[in-house]
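Here is a short briefing to read alongside your structure. Have the viewer open and follow along topic by topic.

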Amino acid sequence: MLPGIGVFGTGAIAKVLVPFLREKGFPVEAIWGVTLQEAEVAAKELKIPFFTNKIDDVLLKKNVSLVFIVCAPNLHAQISVKALGIGKHVVCDKPAGLCQAEALKMVRAAQYYPTLISIVNHSLRFLPAFSHMKKCIHEGYLGNPDELTLVDVRVQMGPLIGDTYNWLCDDTMGGGTLTLVGSHVIDLVSYLSGQKVVKVHGVLRTFVEETSKVNGIRKITAPDFCTFQLQMDKGLLVTATLNNHLPGPCFNQEIYVCSKKGYLVVKGGDLHGKLHKPNGKITEDDGKRPHDKEEVIYVDVEDLSCASSVVPKPYIKGLCKMISALKEAFLPVKEQMDWVKEPVKAAATFEDGQRVQATMEALRQSNEDGCWTSVQLLTEPPDPNPALSAAVRRTAISLQ
């Protein structure tokens with residue numbers, strides 16, 4: 001038996017997610033919305049039997065064993081921690097909370113309940129082109145995996161904001177291209193290379209501060225352009241440019257991974273590779289590979305049953321593959337709450353989510369300071385009131 005699903009959120013991702021879950025055989029039991037009206041409209045459209053605007057109503061439902069959190073990021077940590085504490089499996093959309101402190105709470109909860117699934121929806125990890133790319137890298141297509149030199153990422157797409165002012169327009173609430181697209185890029189680079197980010201340099205800009213629909217006293221603060229460089233721990237350099245200035249719902253993504261031997265590139269959903277002509281002798285293995293032209297390693301032919309004009313196709317396809325992996329994790333076991341780890345071992349954990357948050361915080365700091373910034377990973381929750389704590393310590397010392 002597959003576990004019953006509770007969905008938090010009524011936006012574009014929820015509308016793509018629910019049909020996929022049903023297609024794979026998961027029963028969708030409940031949906032939560034910010035307002036009761038929003039939840040009711042979504043429940044009718046998606047044919048979900050139960051709707052509510054109270055978080056606990058979904059979490060306490062007996063037939064809900066797995067929750068998908070696809071609402072605004074300010075609720076991600078709260079719902080994740082609560083769900084794990086009640087004994088529910090959690091799939092949380094990116095980002096993991098609004099800041100590193102929230103991500104750390106999620107990490108602690110996941111460590112406290114290791115028998116529960118706790119993953120972040122960085123769905124590009126499950127896109128077949130990137131699975132094949134990782135395999136090629138680790139099988140030595142580009143030579144020693146630790147000797148990769150450069151990853152170059154270009155993402156060009158339409159605007160991320162809608163017709164009304166909401167969290168997508170606000171940088172501090174999790175809106176903007178760094179959080180919504182950059183988080184995927186940062187996670188993917190670590191996943192493909194197996195390396196961690198140590199230093200960053202970033203430039204974030206909000207060029208479009210108002211639109212014909214969002215104007216007046218409220219200004220858009222979420223960045224619609226960012227470019228950044230990441231220095232990885234084994235010498236790999238990553239450069240990325242993310243741009244939201246294309247008209248309409250279009251999405252172009254190219255990711256090059258280079259070494260001294262050649263390069264691999266994913267364009268859309270297809271994987272290509274090219275090796276440089278060897279100087280001197282040609283080995284037996286080199287003779288089998290075309291050195292003068294790009295070779296096609298993987299072509300994405302599978303078409304989606306559920307497309308969306310809002311969510312880019314690679315993310316949807318990755319999400320679909322991730323749901324298939326979750327099905328494989330739950331199917332072999334008799335009990336609803338039991339699962340096997342192997343099918344979802346490629347998924348991003350809450351620890352990965354915290355690393356992405358730490359990198360994004362360093363990038364924002366770098367943008368303010370205009371210089372390279374080290375990535376600092378929190379291990380303890382920050383003091384909510386440092387001035388008060390210092391005063392208490394001084395009082396304790398004087399009393400002694």
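Helix α10 (residues 350-369) has 20 residues and spans 29 Å from its first C-alpha to its last, close to the 28 Å expected at 1.5 Å a residue, where the expected span is 1.5 Å times one less than the number of residues. Helices here are DSSP runs (H or I, at least four residues) and strands likewise (E, at least two), numbered from the N terminus. This is a predicted model: local features need pLDDT of at least 70, side-chain atom pairs count only at pLDDT 80 or more, and totals for chains, interfaces and linings use all residues. Residues are numbered from 1 along each chain as its sequence is written, and side-chain values use heavy atoms, leaving out hydrogens and water.

**Helix α10**
- Among the buried residues of α10 are F350, V356, M360 and L363 (buried means under 20% relative accessible area, with a 1.4 Å probe and protein chains only).
- Just after α10, G370 adopts a positive phi of about 75 degrees.

**Nonpolar cores**
- The largest nonpolar core holds 82 residues, and F26, F130, M133, F228, L230 and L326 touch the most other members (a core is a set of buried Ala, Val, Leu, Ile, Met, Phe, Trp, Tyr and Cys residues joined through side-chain atoms within 4.5 Å).
- Helix α9 (residues 313-330) gives this core its largest share, 10 residues.
- Beyond four places in sequence, F228 is in contact (heavy atoms within 4.5 Å) with residues including L178, H201, V238 and L363.

**A buried lysine**
- K94 sits in the loop between β5 (89-93) and α5 (100-112).
- K94 counts as buried because its relative accessibility is 11%.

Technical notes: Buried < 20%, exposed > 50% of the residue type's maximum accessible area, 1.4 Å probe, protein only.
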